[in-house]
Amino acid sequence: MLPRSVRMSLLLVGVSGILAGEMLQAQLPQTRLHAVFPAGCQAGQSAEVRLTAGEDLEEISGLLFSHPGITAVQKQNEQGQPLENLFQVSVNADVPVGLYEVRCQGLFGTSNPRRFVVGGRPEVLETETNDPAPAKAMPIELNTVVNGRMDGGTDIDWFQFSARQGQAITFDLWGERLDSRLDATLAVFDATGRRQLQVVRDTVGNDPVLIFTPPADGTYLLKLHDHLFRNGNDYGYRLEAHTGPHIVAVHPAAG
């Protein structure tokens, strides 16, 4: 048997080797994706998608989707050089509407997945001229999707829409369901922005779904903000404003 001093020395060497290996592994960079914007695209269309939040995103050269009908090409400048973290995403018309996954590939490997929606309605980008005053609300058409983000300060997004009396309108805000940190509140106001008609939050997890029936024909305002007025590149959202069917509950919920 080896002397006790020799055995202790070997034990210390082994422990030191294990700890050094764990420290080395912990220090290795790994591509991590936190957010893309916009986090979706209409079937049969294309959209400019940017990686807006993540870690170790050096030399990102491609995006991988969980459906072969969704592809991406890195955008280039006038000199033919790749633009950092910016891609043109195309969705084939036969890709079913629903949730998919997107990963990015870079110098430090393939990232974790983030959620990406393929929708069936026309999509627009939110414009920052719509805040902070209701008078500057961004006009939107019903049966469209608005892609937006909470940017800077206590960002509040206002939207203006026209509706008919008795028309059932669903405002379905996708934030948490798309890996966003947004905990949104939705509220409908009259055309002046002073009288609140309806407010909702935390309908599907942290995501609000507001079903509004206008009391009269006219113009109304929709107010959207984070519950704690937080903001950042990973506070994106997709707002579906539509007059189509919306399932609130089913019974029984299993069979």
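A residue is called buried when its relative accessible area is under 20%, exposed when it is over 50%, and partly exposed in between, using a 1.4 Å probe and protein chains only. By that rule cysteine 104, at 0% relative accessibility, is buried. This is a predicted model, in which local features need pLDDT of at least 70 and side-chain atom pairs count only at pLDDT 80 or more, while totals for chains, interfaces and linings use all residues. Residues are numbered from 1 along each chain as its sequence is written, and side-chain values use heavy atoms, with hydrogens and water left out.

**Chain and fold**

- The chain has 19 strands and one helix; these are DSSP runs numbered from the N terminus, with helices being H or I of at least four residues and strands E of at least two.
- Of its 255 residues, 40% count as buried.
- Among contacts (heavy atoms within 4.5 Å) with a separation of 6 or more, 67% join residues 24 or more positions apart.
- The accessible surface of the chain is about 13800 Å², and carbon and sulfur atoms hold 54% of that area; such areas come from the Shrake-Rupley method with a 1.4 Å probe, and for residues only the protein chains shown count as cover.

**Cysteines**

- A disulfide is a covalent bond between the sulfur atoms of two cysteines.
- The structure holds zero disulfides, where a disulfide is counted as a pair of cysteine sulfur atoms within 2.5 Å.
- Cysteine 41 counts as buried because its relative accessibility is 3%.

**Cavity**

- On a 1 Å grid over the protein atoms alone, a cavity is a set of points where a 1.4 Å probe fits but cannot get out; a pocket is an open set with protein on both sides within 12 Å along at least five of seven lines, and lining residues have an atom within 4 Å of a point.
- Grid points are joined across faces, edges and corners, and a volume is the space filled by probe spheres set on the points.
- There is one cavity of 30 Å³ or more, and the largest cavity has a volume of about 170 Å³.
- Its lining has 20 residues, of which Ala35, Val36, Ala39, Leu178 and Gly236 are the closest to the centre.
- β1 gives the most residues to this lining, four.

- The largest pocket holds about 270 Å³ of space.
- It is lined by 16 residues, and Val97, Gly119, Arg121, Trp174 and Glu240 are the closest to its centre.
- β7 (98-106), β9, β14 (169-174) and β19 each supply at least two residues of the pocket lining.
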